[in-house]
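Please have a look at it first.

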Amino acid sequence: MCPKKALPPYICTYQGVLLAGVDEVGRGPLAGDVVAAAVILDPANPVEGLADSKKLSEKKRELLYDQICACALSYSIARATVQEIDRINILQASLLAMCRAVEQLFVQPEYVLVDGNKKPDWSYPCDTVVKGDNRVAAIAASSILAKVTRDRELVELDKKYPGYGLARHKGYPTKVHLQALQQLGPSPVHRASFAPVKQVLMDLA
């Protein structure tokens, strides 16, 4: 089996200071909002150790979260709700959350780099970057803010809706989560449009 080739470093045509990275977290889970963050880093005050949030330990993410908030020129965290996800689908909800995150930046960017291969319908000059959280520091920073925020929220939702294990799996469709769905039925924070949840609702109807 051939090893995967590493993607080359991303070189942006925009070379100014007001460059925002934007990323979202939570497309795959069965419960909870999809959360996005946008970050404009300060070249004069760099944050060391930025990387794809999924490749960092929880402790490291928490430390970087505080450093990003302290050092960035501007940052913003936004979301699309479970109700919006069910109404417009998860892709459109993810793009909506990213759009909100960029629009809410206190310092507005001159250029935006979006993680992935799809961009929101907006007027910002921008580019998409596949695997951007591994290739662009500002996108990595936004992925960390989004993931830490969403993980914290799922821990709180676990207290409000116990029995599903939301604090452990953060809403992803693990075996434990699927079994709890069958036993307890969906909670108000479950995404009714997602197939496993939809099937349980149909069985209960």
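With which residue does aspartate 133 form a salt bridge? Before I answer, please keep in mind that this is a predicted model, in which local features need pLDDT of at least 70 and side-chain atom pairs count only at pLDDT 80 or more, while totals for chains, interfaces and linings use all residues. Residues are numbered from 1 along each chain as its sequence is written, and side-chain values use heavy atoms, with hydrogens and water left out.

The partner of aspartate 133 is lysine 54, and the closest N and O atoms of this salt bridge are 3.5 Å apart; by salt bridge I mean a side-chain nitrogen of Lys or Arg within 4 Å of a carboxyl oxygen of Asp or Glu. This pair links distant parts of the chain, 79 residues apart, with aspartate 133 in helix 4 (residues 132-135) and lysine 54 in the loop between strand 2 and helix 1 (58-71). Helices (H or I, at least four residues) and strands (E, at least two) are taken as DSSP runs and numbered from the N terminus. Aspartate 133 counts as buried, at 6% relative accessibility, whereas lysine 54, at 61%, counts as exposed; buried here means under 20% relative accessible area, exposed over 50%, and partly exposed in between, with a 1.4 Å probe and protein chains only.

A search of the whole structure finds nine salt bridges, and two others deserve a word. Aspartate 33 forms one with arginine 79, where the closest N and O atoms are 3.2 Å apart; because aspartate 33 lies in the loop between strand 1 and strand 2 and arginine 79 in strand 3, the pair ties together parts that are 46 residues apart in sequence. Arginine 79 also forms a salt bridge with glutamate 153, with the closest N and O atoms 2.5 Å apart, and since glutamate 153 belongs to helix 5, this pair ties together parts that are 74 residues apart in sequence. Through these shared partners, Asp33, Arg79 and Glu153 are joined into one network. Arginine 79 is partly exposed, with a relative accessible area of 26%, and glutamate 153 is partly exposed with 25%.

Five strands form an open sheet in the order 3-2-1-4-5, and the pairing is mixed; two strands are said to pair if DSSP finds at least two bridges between them. Strand 3 and strand 5 stand at the edges with a single partner strand each, so one side of each is left without a neighbour in the sheet. Neighbouring strands are turned by 20° against each other on average, direction ignored.

Strand 1 (residues 19-25) runs parallel to strand 4, joined by four bridges, and valine 22 stands opposite valine 114 there. Strand 1 pairs with strand 2 (residues 34-40) in the antiparallel sense over six bridges, with isoleucine 40 as the bridge partner of alanine 20.

How many of the five residues of strand 4 (residues 111-115) are buried? Five of the five are, so this strand is largely enclosed by the rest of the structure. Tyr111, Leu113 and Asp115 point one way from strand 4, and Val112 and Val114 the other way; in general, the side chains of a regular strand alternate between the two faces of the sheet.

Helix 5 (residues 137-160) lies across strand 1, strand 2, strand 3, strand 4 and strand 5, running at about 35° to strand 1; axes are lines fitted to C-alpha atoms, for helices over the stretch in contact (heavy atoms within 4.5 Å), and angles run from 0 to 180 degrees between N-to-C directions.

Within strand 3 (residues 74-80) sits serine 76, which counts as buried at 5% relative accessibility. Leaving aside residues up to four places away in sequence, serine 76 touches Ala36, Ala37, Ala38, Ala101, Gln104 and Leu105.

Finally, the cysteines: the structure holds zero disulfides, a disulfide being a pair of cysteine sulfur atoms within 2.5 Å. For cysteine 69, the nearest cysteine sulfur is that of cysteine 71, 9.6 Å away.
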